[in-house]
Amino acid sequence: MVSVQTASLLLSFAPLLVLSVPPIWTQPEQVHLSYAGVLGSMVVTWTTFNKTDSKVEYGLQGGRLFEMSAEGDATVFVDSGEEKRKMFIHRVTLTDLKPAATYVYHCGSDEGWSDIFSFTALNSSSSFSPRFALYGDLGNENPQSLARLQKETQLGIYDVILHIGDFAYDMHEDNARIGDEFMRQIQSIAAYVPYMTCPGNHESTYNFSNYRNRFSMPGQTESLWYSWNLGSAHIISFSTEVYFYLEYGMELIFKQYNWLKQDLEEANKPENRAARPWIITMGHRPMYCSDDDQDDCTKFDSWVRVGRNDIKPPAPGLEDLFYHYGVDVELWAHEHTYERLWPVYGDKVYNGSKEQPYVNPKAPVHIITGSAGCRERTDRFNPNPKEWSAFRSTDYGYSRLQVVNTTHIYLEQVSDDQYGKVIDSIWVVKERHGFSAWL
Ligand SMILES: [Fe+2]
C-alpha cells in the first residue's frame with residue numbers, strides 16, 4: 001500500500017518523468033556549406049541529435065531534381081558543459097561539380113530531409129572575379145547586420161562569406177544551445193554560399209571544441225589554419241588565438257608559424273604567384289587598431305605583430321613573415337568597429353604615393369571589420385589615432401571585397417546603421433606582387 005505522502009511525492013515528480021522522455025531528433029538542421037579547397041568540390045555540413053546516415057541528394061538547377069547523391073559520415077560531438085549534450089555533425093563532400101553551375105540540394109537521410117537549398121559551384125577560372133562579404137564578431141543576440149546579409153546572399157551578390165572569428169557569443173553557452181541557435185540563424189546564408197571561417201577568442205572555451213567540431217574547413221587542422229585559392233587570389237586563414245591561450249599548447253604557435261611559412265613559400269613559387277598574384281590573409285585579432293580598449297592591437301608590441309618574448313623559446317610574430325612573403329591584404333576583426341589602414345609595416349606608413357596611396361602600395365593593406373553585431377555592442381575609438389589610421393567607423397556593418405583581376409581589388413564598407421549605405425571604399429591596385437613590390 002502506497003502512503004498518501006509517497007503518492008503525492010510521486011505525483012509531484014510526474015511532470016519531470018514525462019519531460020525526461022527525449023524527443024527523437026533525426027531531422028537535419030544547421031545546414032552550412034564550405035569549400036573543400038579542391039576545384040569542383042563543396043562540403044555540406046549539418047547537425048542531428050540522433051544518429052542517422054549522412055546523405056546529400058542534388059542536381060543541376062533546371063535538371064531532374066536530386067538525380068545525383070553522395071554519402072559522407074557523421075562525427076559525434078559531446079559538448080563539455082555539464083549536460084554533456086551530444087550531437088551528430090554530418091559531413092558530405094560533393095565532387096566533380098561543374099564550375100559556375102547552380103545546384104539544388106537537400107541533405108539528411110531516409111529518417112528526415114532538410115529543406116531544399118541551392119548553391120553555385122565556385123568558378124575555377126583564374127579570370128573569375130569572386131565577390132566576398134566579410135566580417136567578424138557576429139552573435140546570436142543583437143546580430144544587427146544579419147538580415148541585410150541574408151537578403152543580399154539570397155539575391156546572389158556574394159560567392160563566398162568570410163567570418164573572421166567570434167561566433168554566437170558563445171557557442172558553448174547554455175550547454176551549446178547558443179551554438180545550435182547561431183548555426184540555425186546563419187543557415188539562411190551559409191546553406192547557399194561557402195561560409196569560410198577562422199577561430200576567435202569567443203571560441204576558446206573547452207579548447208575551441210564547438211568551433212573545431214561544427215565547421216569543416218579545408219586541410220587537417222579542424223578548421224584552425226588552412227589556405228585555398230579562388231580566382232586570382234590565394235587566401236590564408238589562421239588562428240591568432242594560439243598566441244593567447246598557451247594552456248592549449250604553446251607548440252601551436254610554432255606549428256602554425258611553420259605551416260604559414262611553408263604555405264607562403266609555395267604560394268610565392270613563380271608559377272603560383274603568376275597564376276594567383278593576390279595573397280590575402282584572415283585572422284581574428286589585428287596587429288594594429290586605434291580602439292580605446294586595451295586590446296593587443298592597441299599596443300606597440302602586439303603579440304600578433306611582433307610575437308612573444310615573454311615565453312621560452314620566444315615565439316615569432318606575423319608582421320615580418322607576411323611582409324617578407326608579400327602578403328597584399330590582411331583582413332581582421334575582434335574590434336567591434338571598422339578601420340582601414342594606410343599601407344603599413346613596422347608601425348610606419350608606406351603609401352604607393354601621396355595622391356594614390358593604394359596604387360602599388362609599399363606594404364600590406366590592413367582592414368579591420370568586426371562590427372557585424374553582437375551582445376557586446378560596438379567599441380569606441382581612441383581620439384588620437386596613429387598616422388596609419390586612414391578611415392574609422394563605429395557603425396554596425398560589414399565589408400565587401402571583390403578580387404576583380406590580377407591587378408585590382410575593390411573593397412567597401414557597408415553601414416547597417418545607415419540602411420546599407422557604402423561609407424568607405426578603395427581600390428588596391430598592384431602591378432607587381434611579392435616582396436620585390438615593396439622596394
Ligand atoms: Fe574577439
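A cis peptide bond joins Y169 to D170, with omega at about -15 degrees. The structure is a predicted model, in which local features need pLDDT of at least 70 and side-chain atom pairs count only at pLDDT 80 or more, while totals for chains, interfaces and linings use all residues. Residues are numbered from 1 along each chain as its sequence is written.

**Backbone geometry**

- A cis peptide bond also runs from K312 to P313, with omega near -10 degrees, and P313 lies in the loop between β18 (307-308) and β19 (315-316).
- D137, although not a glycine, has a positive phi of about 65 degrees, and its place is in the loop between β10 (131-135) and β11 (138-139).
- D137 counts as buried because it has 28 C-beta neighbours inside 10 Å; by the rule applied here, a residue is buried if 20 or more other C-beta atoms lie within 10 Å of its own, exposed if 12 or fewer, and partly exposed in between, with C-beta atoms placed from the backbone.
- Y206, a residue other than glycine, has a positive phi near 55 degrees, and its place is in helix α4 (residues 205-214).
- With 17 C-beta neighbours inside 10 Å, Y206 counts as partly exposed.

**The seven-stranded sheet**

- Seven strands form an open sheet of mixed pairing in the order β15-β16-β17-β20-β24-β21-β25, two strands being paired if DSSP finds at least two bridges between them.
- The edges are held by β15 (226-230) and β25 (389-393), each of which has a single partner strand, so one side of each is left without a neighbour in the sheet.
- From one strand to the next the twist averages 15 degrees; axes are lines fitted to C-alpha atoms, for helices over the stretch in contact, and angles run from 0 to 180 degrees between N-to-C directions.
- Strand β16 (residues 233-237) pairs with strand β17 (residues 278-282) in the parallel sense over five bridges, and T281 in β17 is the bridge partner of I236.
- Three bridges join β17 to β20 in a parallel arrangement, with I280 standing opposite V329 in β20.
- Four bridges join β20 to strand β24 (residues 365-369), again running parallel, and V365 in β24 is the bridge partner of V329.
- Strand β20 (residues 329-332) is covered on both faces, with V329 and L331 on one side and E330 and W332 on the other, all of them buried.
- In a regular strand the side chains alternate between the two faces of the sheet.

**Packing of α2 against α3**

- Helix α2 (residues 146-155) and helix α3 (residues 173-190) pack at an angle of about 35 degrees, and their axes are 8 Å apart.
- On the α2 side the contact is made by L146, L149, Q150 and T153, and on the α3 side by Q185, S188 and I189, where two residues are in contact if their C-beta atoms, placed from the backbone, lie within 7 Å.
- The residues of this contact divide into three nonpolar, four polar and no charged; Ala, Val, Leu, Ile, Met, Phe, Trp, Tyr, Cys and Pro count as nonpolar, Asp, Glu, Lys and Arg as charged, and the others, Gly among them, as polar.

**Domains and their contact**

- The protein chain is divided into domain 1 (29-120) and domain 2 (131-438), with bounds that come from an automatic or database domain assignment.
- The centres of domain 1 and domain 2, taken over C-alpha atoms, are separated by 27 Å, and the contact takes 26 residues from domain 1 and 25 residues from domain 2.
- On the side of domain 1 that touches domain 2, at least two residues each are supplied by β1 (29-34), β2 (42-48), β5 (73-78), β6 (86-94) and β9 (117-120), and the largest share, six residues, comes from β1.
- By class, that side of domain 1 has 10 nonpolar, 10 polar and six charged residues.

**Annotated spans**

- An unreviewed UniProt entry gives the annotation "domain: Purple acid phosphatase N-terminal" for residues 28-120; UniProt positions are given in the numbering used here, feature names are shortened, and annotations may be inferred rather than shown by experiment.
- Residues 28-120 are 0% helix and 56% strand, with their end C-alpha atoms 21 Å apart.
- The UniProt feature "domain: Purple acid phosphatase C-terminal", also from an unreviewed entry, is placed at residues 363-425, a span that is 0% helix and 48% strand and whose end C-alpha atoms lie 19 Å apart.
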